Amino acid sequence: MDQSQAEVIIKINESIEQAKDDKEKALLYKKLGEFYLSKEDYKKAAEAFISALSQSKAFSEEEKIQMAIYISWGEKLAEAIHILEELLLHNPDNTNARINLSRILSWSDELDRALKEVEVILAKNPKNRDALLVKANVLNWQGSHEKAIQIYEGLLMEKEEFDVRLPYTYALIGIGDRK
């Protein structure tokens with residue numbers, strides 16, 4: 001970290017100490033998290049976003065979801081899951097929150113819970129591309145390669161995408177297809 005980056009961090013931390021209320025502190029912690037994020041320091045970013053959310057509940061649902069995603073990048077999966085579950089308690093129809101919850105649950109190796117969440121989305125919108133990708137990934141990780149391959153192929157027919165092609169390749173390898 002160079003001198004100017006350290007100065008930015010010091011300045012934001014001083015502003016946090018001088019903040020007049022929790023809402024201002026929360027916004028400053030969020031700013032600190034965004035700074036760390038821009039430097040690809042995901043662990044420190046996660047800590048800052050967790051602090052922001054603990055200071056104030058005034059953030060929008062989309063801001064909370066985005067912070068939960070960043071928190072998961074900092075390897076704070078349980079915290080990210082908690083944030084998204086809490087959000088879904090108040091708004092169970094938030095598809096973006098549910099998709100990200102299912103994705104983070106899968107990263108936490110909670111594959112059955114991830115599949116359950118994704119099925120809630122697919123029951124309402126069977127063509128939701130993000131939900132289908134999470135489902136295919138979970139099935140692949142559970143060893144149901146053939147089922148995953150069917151979903152991946154359907155997604156790839158609609159649109160070529162690296163995030164689909166790569167796990168599709170692994171699923172093919174999983175069934176012994178090395179062509």
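Me: In this predicted model, what covers the buried residues of helix H1?
Reply: The cover over the buried residues of H1 includes helix H2 (22-38), and the residues of H1 that are buried are Gln5, Ile9, Ile12 and Ile16.

Me: What makes the buried residues of H1 line one face of the helix?
Reply: Seen down the axis of H1, the buried residues fall within an arc of 65 degrees, so they line one face. On the other side of H1, Gln3, Lys11, Glu17 and Gln18 are exposed.

Me: How do you know that the span of H1 agrees with what a helix should have?
Reply: Helix H1 (residues 3-18) has 16 residues, which at 1.5 Å a residue should span 22 Å, and because its end C-alpha atoms are 22 Å apart, the two values agree.

Me: Why is Tyr170 called exposed?
Reply: A residue is called exposed when its relative accessible area is over 50%, and Tyr170 has 51%, so Tyr170 is exposed. Tyr170 lies in helix H10 (residues 162-174), and together with Phe162, Leu166 and Ile173 it forms a nonpolar patch on the surface, with about 420 Å² of accessible area together.

Me: How do you know that the buried residues of H7 line one face of the helix?
Reply: In H7 (residues 111-124), Leu111, Ala114, Leu115, Glu117, Val118, Ile121 and Leu122 are buried. Seen down the axis of H7, these buried residues fall within an arc of 165 degrees, so they line one face. Asp112, Lys116, Ala123 and Lys124 are exposed on the other side of H7, while the cover over its buried residues includes helix H6 (95-107) and helix H8 (129-141).

Methods: Residues numbered from 1 in each chain as written. Predicted model: local features only at pLDDT ≥ 70, side-chain atom pairs only at ≥ 80, totals over all residues. Heavy atoms only, no water. Helix = DSSP H or I, 4+ residues; strand = E, 2+ residues; numbered from the N terminus. Expected span 1.5 Å × (residues − 1). Buried < 20%, exposed > 50% of the residue type's maximum accessible area, 1.4 Å probe, protein only. Arc of directions from axis to C-beta. Contact = heavy atoms within 4.5 Å. Patch = residues over 30% accessible without salt bridge, like charges linked within 9 Å, V, L, I, M, F, W, Y side chains within 5 Å. Areas by Shrake-Rupley, 256 points an atom, 1.4 Å probe, with all protein chains shown as cover. Salt bridge = Lys/Arg side-chain N within 4 Å of Asp/Glu carboxyl O.
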